[in-house]
Amino acid sequence: MQYKMHKVKEGIWEIPKTEKEGMLVPARVLGTDKLVKEMDDGVFNQVTNVACLPGIQKYALCMPDGHWGYGFPIGGVAAFELEKGVISPGGIGFDINCGMRLVKTNLTLEEVQPKLPQLMDKIFYSVPAGVGCKGFVKLTPNQFREIMVKGVDWCIENGYGWKEDKERIEEYGRIAGAKPEKVSKHALQRGMEQLGTLGSGNHYLEVQVALTDQVYYPEAAKVFGLDRPNQIFIMVHCGSRGFGHQIGTDYLRIFGDAMRRYNIKVLDRELACAPYSSPEGQDYFGAMVCAANSAFANRQVILHRIREAFSEVFKKDPQELGLDLVYDVCHNIAKIEEYQLNGQIKKLLVHRKGSTRSFGPNRPEVTEIYRKIGQPVIVGGSMETGSFLLVGTEIAHQETFGSTCHGSGRTMSRAEAKRKVRGSELKEKMEKRGIVIRSVSMSGLAEEAGFAYKDISEVVDAVDSLGISKKVLQLRPIGNLKG
Amino acid sequence: MSSKVKKKKGNKKTSQVRPFRFLEKIAIADAAFEAQARTLEELFVNCAKATFDAMVDFKTVTPNQVEKLKLENKTLEDLLFDWLAELIYLKDLKAMLFKEFSVKIYKNENYRLEGEVKGEAIDQNKHELRADVKAVTYHLFEVKKTNRLWKAKVILDI
């Protein structure tokens, strides 16, 4: 590692701004000694590049699940002032509002296991995944534009959700400020047929069981819906699909030109950016919100299909099966949030790329049903190791611009993972352990093998020890659908 | 007046050029590749092949549909970015996977590309699919000409 770094306190490492020409603030990398030591060089290069962006406040941050991305590292967090600070698509990712959704059931492992293969077949049919998948909702361009503005509200109005789903989604499933007129025809055409689809790569849909002996914060677990031993949950990881990817691509080009006009220089072209307050910055923000709202709608339509699948297999209404949304979080997004800086409350534009908002108890932004306990934080692990539900804290607000980890983070390239295991072998091995797999691509399955990721327990223990979120419970997969 | 970009002559008999290879030590969550070719046009073709090789086993694709595209940009880097981004867009728009690519590149005030790509509508039962490519990134993106070869480095978002 080429940069000098010192430990600010246990779990927080700082690279001073003297380490790279152009750094405006220090960079902070979070994690245990082991996690930080094992991070690839890309993390340190990228987080220090972010620290050079105009208008950045306090520090450029990388969460304990951080790894080499493009532009920002994955796990990157940075806050910018609104007047002179920038907005960067490379700080959000092409998959705008990629996020996690957790759904509870009233079913137990014992009730689900006998019907699991049938259930996974039904879900595999109902939730299209993989390269080239198309959704079942047929939209006109105007309907798609409505989704860009209304997000989950459109879904509820059109029968793809329950009205109570809304209060269980970050930003209530609808971010204000969408500008469909700032979305290209390419983006609209690319995304219009993909509503309700999972995609591929590390996206997944899992049937999971809450481990009764791994409940760390029973009070929060109860508030989030845990009410019986071996309770079944469903976790969904996906984003805005081709629509968001195209918006990211379009604005990367636009910002490349804009930077010349605003005389901004960046150390990586993928960090192309424009002042948030500039016409280009405002246009991108409006288009990004369109993609964010469409991602909420995408995960909502998937939930609708999950409810239908469970209902058909278990021959009961989804309400009777208790298929309530626990929560839905974004982990690739930029949002305007308020923080105290130098004794003043300031509105900042917080970029999170592979990082989850982690707001604690009593914050007005947290939905009323969870306000006393804090916002649920859904952290997806690899398909072999399981996932975690955590809760946000006030410490996150002070230390990390209200942010925490989002997953376990890769440690191995896709090609290396495929050399180590064949998809069919992995499927067999997982099925022997009682995990039913449905995958469009065997090679895609091999790329997502558990050994290609960091130990998720170590990552969540790191954020728990730092106090930027608290562990609530652990979930183990029993059914996995991959693209 | 536009003139065809001058091709670099290579000695085909003495060495085989590896069209592309995936890089394992950079951007591990995504797909980084390095492509090379004796001519600029071949380089664009090899980059397109690497992009679609990330998504499908070519052996399972029959090139029975043709798409044509025309692109223009100021620099070769931006033209290569546009070429790959447009193919990724077409993959979703037409729900197709492409296998055969041919391009002509002209230079006047800007660089212009005329391309023809052949592929097939995506059939999840027929095609041996890999990971979907979301986008081309500009991270470490590079197009350069060495003594003998054109080379490019590209990171695809998976």
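**Sheet, core and contact**

In this predicted model, B:Val136 stands opposite B:Leu156, a residue of strand 8 of chain B. The two strands concerned, strand 7 of chain B and strand 8 (residues 150–157) of chain B, are paired in the antiparallel sense over 7 bridges. They belong to an open sheet of 4 strands in chain B, ordered 2-3-8-7, with antiparallel pairing. Strand 2 (20–23) and strand 7 (135–145) of chain B form its edges, each pairing on one side only. On average, and with direction ignored, neighbouring strands of this sheet are turned by 20° against each other.

Two helices of chain B lie across this sheet. Helix 2 (residues 76–93) of chain B lies across strand 7 and strand 8 of chain B, at about 140° to strand 7 of chain B.

In soluble globular proteins, nonpolar side chains tend to be buried together. The largest nonpolar core here has 217 residues, and those with the most contacts inside it are A:Met288, A:Ala292, B:Phe44, B:Cys47, B:Leu80 and B:Leu84. Helix 10 (residues 279–314) of chain A gives the most to this core, namely 18 residues. Leaving aside residues up to four places away in sequence, A:Ala292 touches A:Ile96, A:Asn97, A:Ile175, A:Ser240, A:Cys330 and A:Ile333.

Chain A also has a strand pair to look at. In a regular strand the side chains alternate between the two faces of the sheet. Along strand 15 (residues 376–379) of chain A, A:Pro376 and A:Ile378 point one way, A:Val377 and A:Val379 point the other way, and all are buried. Strand 15 of chain A runs antiparallel to strand 16 (residues 387–392) of chain A, joined to it by 4 bridges. Within this pair, A:Ile378 is opposite A:Leu389 of strand 16 of chain A.

What remains is the contact between the chains, to which chain A gives 41 residues and chain B 30 residues. On the side of chain A that touches chain B, the largest share, 6 residues, comes from helix 9 of chain A. By class, this side of chain A has 9 nonpolar, 21 polar and 11 charged residues.

Why does the length of helix 9 of chain A agree with what it should span? At 1.5 Å a residue, its 22 residues (241–262) should span 32 Å, and the end C-alpha atoms are 31 Å apart, so the two agree. Just after helix 9 of chain A, A:Asn263 has a positive phi of about 55°.

Conventions. Residues are numbered from 1 along each chain as its sequence is written. Chains are lettered from A and ligands numbered from 1 in the order in which they are written. This is a predicted model: local features need pLDDT of at least 70, side-chain atom pairs count only at pLDDT 80 or more; totals for chains, interfaces and linings use all residues. The expected span of a helix is 1.5 Å times one less than its number of residues. A residue is buried if 20 or more other C-beta atoms lie within 10 Å of its own, exposed if 12 or fewer, and partly exposed in between; C-beta atoms are placed from the backbone. Two strands pair if DSSP finds at least two bridges between them. Two residues are in contact if their C-beta atoms, placed from the backbone, lie within 7 Å. Ala, Val, Leu, Ile, Met, Phe, Trp, Tyr, Cys and Pro count as nonpolar, Asp, Glu, Lys and Arg as charged, and the others, Gly among them, as polar. A nonpolar core is a set of buried Ala, Val, Leu, Ile, Met, Phe, Trp, Tyr and Cys residues joined through C-beta atoms within 7 Å. Axes are lines fitted to C-alpha atoms, for helices over the stretch in contact, and angles run from 0 to 180 degrees between N-to-C directions.
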